[in-house]
Amino acid sequence: MADQEEGIGISIRKLYKIFGSDPAAYVDLVKQGMTKTELNEKHNHVLGLKDINIEMPGGAIQVVMGLSGSGKSTLIRHINRLIDPTAGEVIVGDDDVVKMNEKELREFRRHKTAMVFQKFALLPHRTVMENTVYGLELQGVPRKKQEEEAQRWITRVGLEGFEDNYPNQLSGGMQQRVGLARALTNDAPILLMDEAFSALDPLIRMDMQSVLLDLQKEIRKTIVFITHDLDEALRLGERIAILRDGEVVQQGTKQEIVLKPADEYISNFVREVNRGRVITVDMVMNPVEGEPSGPKIKTGAVLETAAKKMTEQSVSQAVVIDENGMPIGALDIQDVISAMVTPVDHTMVDDEAA
Amino acid sequence: MDWLVEFPAMSRSSLTAIKKTIDLGFRDFTRAYGDAFETALSPVKWFMFWMEDLLTDSPWILVLLAITAIAYVASRSVKIAASVAVILLLVGYFGMWEDTMSTIAMTVVATLLAIVVGIPIGILMARSDRIQAIFNPILDVMQTMPSFVYLVPVIMLLGIGRVPGLIAVMVYAIPPIIRLTNLGIRLVDKDVLEAADAFGSSSWQRLKNVQMPLALPTIMAGVNQTIMMALAMVVVAAMIGVPGLGLGILRSINNQYFTLGMFNGLAIVGIAIIFDRVSQAYGKRLQKHLEVVHG
Ligand SMILES: Nc1ncnc2c1ncn2[C@@H]1O[C@H](COP(=O)(O)OP(=O)(O)OP(=O)(O)O)[C@@H](O)[C@H]1O
Ligand SMILES: [Mg+2]
């Protein structure tokens, strides 16, 4: 399938979600600028999402972050239409999910998406194995093939030997991994992961992140990953969108988010990040002037690598080269270090904090 | 000032007219459709007779073994199976084997009928708040209406005999199974249903794979109550020609045979205990996966 090689892009356009008895009546008010609090106090409706526009390129990991109640779960449920939007479009590949009829939606869910749930949502009367095959069962795959495929992922998430246990006999972290195996067994081009690793301990969490990244190297899926944890976001996410009170406050590459937080809300998020491991040399290099000198550093390397190389060789200058070895920029140790310790744009915020 | 002393009821003649119209209407209805109903119910009749013959005509020892075995398979408890055998032996020893078997046959058939009719209604109620709003008051009336009242239309429609008795029992005993099917399905965890949807379940698949299995323990509680109500109707059913322990009780009332009444009553209690323990143990076994081992 050509689909799978390139991955299916997801494009969310002008999406609004209002919870309550008559949501359609209030969309216009919200479009005119009514806030979440106002809507709640005056009309007793909850503003779930407001004017969301996100382009998720196919085959990439899109991270969605935000505090509790900011609308992350609501947003991800729109992609497979577990929640119907009040207004807006959700284009997946070439189709508008919002316009699908019941049958189309069912086929779409069976073959194009798989989901990991924040609260696991395992079928309590089915064993680990029976839970894991559920997606393939609905697709009508032969039983033997279902179990082979499921077994592979059960083993991969470290639950070998628990195939015949019921979810209630497993710890929270183990249940979450069953949810993960269930979604991966489905082998869908789109993976929706709602805080999929939140119940895991740090070691297993790292391991599961690697599973995801490895998988991403083999088959490029389009993954929407929700998390509270910035380190996880930076490790997994190529692109990050940050939600607050149902609105996207900033979206972009992880470097953009860390380097240029749009407001204090995001600065607070990124304050504790180890910038040296996130920001790449491309973000701080200067144009090449004359004959560049110093060690060669590949484009895309993070600042920590560059700083290490430069201090080891006791030089204050370095050259950034592209894949072909051509110099594309010059690095100064001053710039590198200052980018590692202070945000480029939000010096003010950090000064206040200090 | 008459209306202060005496309740201003509608005139006797209009009251009679109302009753007459309804009664005549129903009589016409029974004349027109009585035969059709009887034909439609002939499989039930056949099943009822088959069940009764099976239990009463087979050698008692085989029946006893079979019932004990069923009790064991359902409950997986030697204790329960053993008490079932003891109860049946006692009942037989006191000369009530045949009547007991008739009553068991009637209860089993009425319960199966209630399940077949009640579960789909319960499912419909769970699917729509509208249907629930329609059925709930009907069920309320059914559960408070004195059981004798059911007999009148049934006799008019079907006459006297086992099948009308069975239908009366079934109608009387069906509310719990409808209610608890509805309740059980409505109590299924929304998150789990959402997951089933997310993987692309059709509404039949979500019913079959998720709602019914998860509602089953609750439905079993409904079955249990239905059985108990069916047994409570045994005496009433005897009035319109259902044989069994109820008939003995009726005779004891008419002739003031205290001991006969007591024996038959105790036999019904015995059957009730059998059904109750076995169906409860079975219901518990269905919930095995819910036993929390970890948090
Ligand atoms: N069915 C609903 N009815 C009314 N309000 C709802 C409903 N579902 C969600 N909300 C509201 O929408 C907002 C966003 O909820 P959502 O579950 O998407 O948050 P979240 O970002 O996933 O939070 P968390 O990190 O705690 O999971 C909350 O204010 C919540 O109260
Ligand atoms: Mg959430």
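## Chain B as a whole

In chain B, buried residues (those under 20% relative accessible area, with exposed meaning over 50% and partly exposed in between, for a 1.4 Å probe and protein chains only) make up 46% of the 295 residues. This is a predicted model, in which local features need pLDDT of at least 70 and side-chain atom pairs count only at pLDDT 80 or more, while totals for chains, interfaces and linings use all residues. Residues are numbered from 1 along each chain as its sequence is written, chains are lettered from A and ligands numbered from 1 in the order in which they are written, and side-chain values use heavy atoms, with hydrogens and water left out.

Chain B has 15 helices and 0 strands, where helices (H or I, at least four residues) and strands (E, at least two) are DSSP runs numbered from the N terminus. Its C-alpha atoms fill a box of roughly 75 × 55 × 45 Å along the principal axes.

## Two packed helices in chain B

Helix 10 (residues 175-186) and helix 12 (residues 203-232) of chain B pack with their axes 7 Å apart and at an angle of about 150°, the axes being lines fitted to C-alpha atoms over the stretch in contact and the angles running from 0 to 180 degrees between N-to-C directions. Helix 10 of chain B and helix 12 of chain B are therefore roughly antiparallel, a term for angles over 145 degrees, whereas those under 35 count as roughly parallel, 65 to 115 as roughly perpendicular and the rest as oblique.

## An enclosed helix in chain A

Helix 4 (residues 72-79) of chain A is largely enclosed by the rest of the structure, because 7 of its 8 residues are buried; among them are Lys72(A), Arg77(A) and His78(A). After helix 4 of chain A comes Arg81(A), which has a positive phi near 55°.

## Salt bridges

Over all chains, the whole structure holds 26 salt bridges, each being a side-chain nitrogen of Lys or Arg within 4 Å of a carboxyl oxygen of Asp or Glu. One of them joins Arg205(A) and Asp229(A), at 3.5 Å from N to O, and this pair links distant parts of the chain, 24 residues apart, with Arg205(A) in helix 10 (residues 202-218) of chain A. Arg205(A) is buried, at 17% relative accessibility, whereas Asp229(A) is partly exposed, at 26%.

Lys308(A) and Glu312(A) also form a salt bridge, with their closest N and O atoms 3.9 Å apart; these two residues lie 4 residues apart in helix 15 of chain A and are therefore separated by about one helical turn.
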